[in-house]
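Please look through the sequence and the model together before reading on.

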Amino acid sequence: MKTETINKAFNGIDAPAQAATIDAIRQHPDLAGVGFHAETRWTGGARTSTTAGRFEAAGTEHQRPHTHLTHTDLPLPFHGSDQAASPAKIALHALGACLTS
C-alpha cells in the first residue's frame, strides 16, 4: 500500500518526510527497529537523575547534540523530598507523549 502524498506540515510534523519514512519501512521492515539508551543514577533519598542522548534507528547509531537530563523524586507522603516529578508522573508523561505525537 502506498502512503497518500501530503504536501505540507501537519501539527508541526513534516508530513511528506514522515510519509517517505513509512514507505521506506514498508519496503525494508528491518529499518523499523529502534533502541534507546539511558543511564540512571541514585542521587540520594528517593531521588534519581537519568541522562539520555544515544539511540539507534534505521540500523544506525545516533548521538543527539545534547544529552537530556531528567530528575525524579517521591512526594513527601512517600518519604521523598518532592524536588522533582515522581517516576509514575514521568511514566504518565511518556505515555501521553507517545499517544499525542
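What follows goes through a helix, a sheet with its hairpins, and some individual residues.

## Basis of the report

This is a predicted model, in which local features need pLDDT of at least 70 and side-chain atom pairs count only at pLDDT 80 or more, while totals for chains, interfaces and linings use all residues. Residues are numbered from 1 along each chain as its sequence is written, and side-chain values use heavy atoms, with hydrogens and water left out.

Helices (DSSP runs of H or I, at least four residues) and strands (DSSP runs of E, at least two) are numbered from the N terminus.

## Helix α1

Helix α1 covers residues 15-27, which makes 13 residues, and from its first C-alpha to its last it reaches 18 Å. That is close to the 18 Å expected at 1.5 Å a residue, where the expected span is 1.5 Å times one less than the number of residues.

Which residues of α1 are buried? They are Ala 15, Ala 19 and Asp 23, where buried means under 20% relative accessible area, exposed means over 50%, and partly exposed lies in between (1.4 Å probe, protein chains only). These residues cover an arc of only 75 degrees around the axis, which puts them on the same side of α1; the arc is that of the directions from the helix axis to the C-beta atoms. An α-helix has 3.6 residues a turn, so residues three or four places apart point the same way. The cover over the buried residues of α1 includes β1 (9-10) and β2 (13-14).

## The three-stranded sheet

Three strands form an open sheet in the order β3-β4-β5, with antiparallel pairing; two strands pair if DSSP finds at least two bridges between them. β3 (34-44) and β5 (60-72) each have a single partner strand and stand at the edges, so one side of each is left without a neighbour in the sheet. From one strand to the next, the twist averages 15 degrees, with axes taken as lines fitted to C-alpha atoms, for helices over the stretch in contact, and angles running from 0 to 180 degrees between N-to-C directions.

β3 and β4 run antiparallel and are joined by nine bridges, and Trp 42 stands opposite Thr 48 in β4. These two strands form a hairpin with two residues between them, where Gly 45 in the turn has a positive phi of about 60 degrees. Strand β4 (residues 47-57) also pairs with β5 in the antiparallel sense, over nine bridges. Along this pairing, Ala 52 has His 68 in β5 as its bridge partner, Arg 54 stands opposite Gln 63 in β5, and Ala 57 is partnered by Thr 60 in β5.

## Residues in the loops

Most residues other than glycine have a negative phi, and most peptide bonds are trans. Ala 58 is not a glycine, although its phi is positive at about 55 degrees. Ala 58 sits in the turn of the hairpin formed by β4 and β5, which has two residues between the strands, and at 43% relative accessibility it counts as partly exposed. Asp 82, likewise not a glycine, has a positive phi of about 55 degrees; this residue is found in the loop between β5 and α2 (87-100) and is partly exposed, with a relative accessible area of 47%.

Leaving aside its neighbours within four places in sequence, Ser 86 is in contact with Asp 73 and Pro 75, contact meaning heavy atoms within 4.5 Å.

## Distances across the chain

Pro 65 lies in strand β5 and counts as exposed at 76% relative accessibility. Pro 65 and Gly 53 are 12 residues apart in sequence, and their C-alpha atoms are 7.8 Å apart in space.

Ala 91 lies in helix α2 and is partly exposed, with a relative accessible area of 47%. The C-alpha atoms of Ala 91 and Ser 49 are separated by 14 Å, the two residues being 42 residues apart along the chain.
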